[in-house]
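Please read this briefing alongside the sequence and the coordinates shown below. It is organised by topic, so that each group of points can be checked against the structure in turn.

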Amino acid sequence: MITKITGVLSRVLEEEVRVQVGALEYAVLVPEFVRRSIQVRVGQEVTLHTSHYLDGNPMQGRVVPRLVGFSHEAELDFFDLFCTVDKVGTRKALKALVRPVKEIADAIQRQDAKWLTTLPGVGAATAEQIIATLRRKVTKYALMAPSADPTAEGAAPATVVDGNMLEDAYQALVSVGHSPIDARNRLDRVLATGRSFKSAEEVLLEIYKQGA
């Protein structure tokens, strides 16, 4: 099993990155918070701590091995722990992790189910299940050093925005011709303002006001 990859970050796509290692290019699935932290490093060397899982339905005769990657080993450990929650599989966990591990672990430890429901795909029942399963297991992750965020320059505090709202805004940008990377870059700049938003329309209006 491949546990770590070091190579040149060649591409950043919607759900994965491509890492060039010699003559080989590896596709590595990454959650949103990892994508945001490394997207500015295209053309540079990166190291990702990785794990394998099998994607597909054996009953349909097609199972594809996938790599999942994180910038730090502790983040990968947290991801594996998050996947132990009942009915939270690999794909659902990847979609949910839009905020740094430290923030999610802190919310679990303080039993903040409302905050957890801002993560994509996490409803009230799932949030309660996450807390019940992980509350006593996440202390060390809540004490992690804050992750560096290249969008946070100028000390503008990034705000916590409902992940489903961001997904709606992202899909709207893509539907009118923006590339996936460009759409995410525009959303990153809006989040870095520290403002709160109540709807995807407000997010899009802020992007328009920025002239981005």
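This is a predicted model: local features need pLDDT of at least 70, side-chain atom pairs count only at pLDDT 80 or more; totals for chains, interfaces and linings use all residues.

In outline, 5 strands form a closed barrel, α9 and α10 cross at roughly 90°, and the largest nonpolar core has 47 residues.

**Barrel**

- Strand β3, residues 24–29, pairs with β2 in the antiparallel sense over 6 bridges, with E25 of β3 standing opposite Q20.
- The hairpin of β2 and β3 has 2 residues between its strands, and in its turn G22 has a positive phi of about 65°.
- Strand β1 is also joined to β4, residues 45–57, by 5 bridges in an antiparallel arrangement, and here the bridge partner of I5 is L48 in β4.

**Helix on the sheet**

- Helix α2, residues 73–82, lies across β4 and β5 (62–70), and it runs at about 20° to β4.

**Helix pair**

- The axes of helix α9, residues 180–191, and helix α10, residues 200–210, come within 10 Å and cross at roughly 90°; since angles of 65 to 115 degrees count as roughly perpendicular, the two helices are therefore roughly perpendicular to each other.
- On the α9 side the contact is made by R186, L187, R189 and V190, and on the α10 side by V203, E206, I207 and Q210; by class, the contact has 4 nonpolar, 1 polar and 3 charged residues.

**Nonpolar cores**

- In soluble globular proteins, nonpolar side chains tend to be buried together.
- Which residues touch the most other members of the largest nonpolar core? Of its 47 residues, they are V17, F78, F82, I104 and L116.
- Leaving aside residues up to four places away in sequence, I104 touches F78, F82, L97, R99, W115, L116 and L119.
- Another core, of 11 residues, lies apart from the largest one, and its members include A169, L187, A200 and I207.

Conventions
Residues are numbered from 1 along each chain as its sequence is written. Side-chain values use heavy atoms; hydrogens and water are left out. Two strands pair if DSSP finds at least two bridges between them. Helices (H or I, at least four residues) and strands (E, at least two) are DSSP runs, numbered from the N terminus. Axes are lines fitted to C-alpha atoms, for helices over the stretch in contact, and angles run from 0 to 180 degrees between N-to-C directions. Angles under 35 degrees count as roughly parallel, over 145 as roughly antiparallel, 65 to 115 as roughly perpendicular and the rest as oblique. Contact means heavy atoms within 4.5 Å. Ala, Val, Leu, Ile, Met, Phe, Trp, Tyr, Cys and Pro count as nonpolar, Asp, Glu, Lys and Arg as charged, and the others, Gly among them, as polar. A nonpolar core is a set of buried Ala, Val, Leu, Ile, Met, Phe, Trp, Tyr and Cys residues joined through side-chain atoms within 4.5 Å. Buried means under 20% relative accessible area, exposed over 50%, partly exposed in between (1.4 Å probe, protein chains only).
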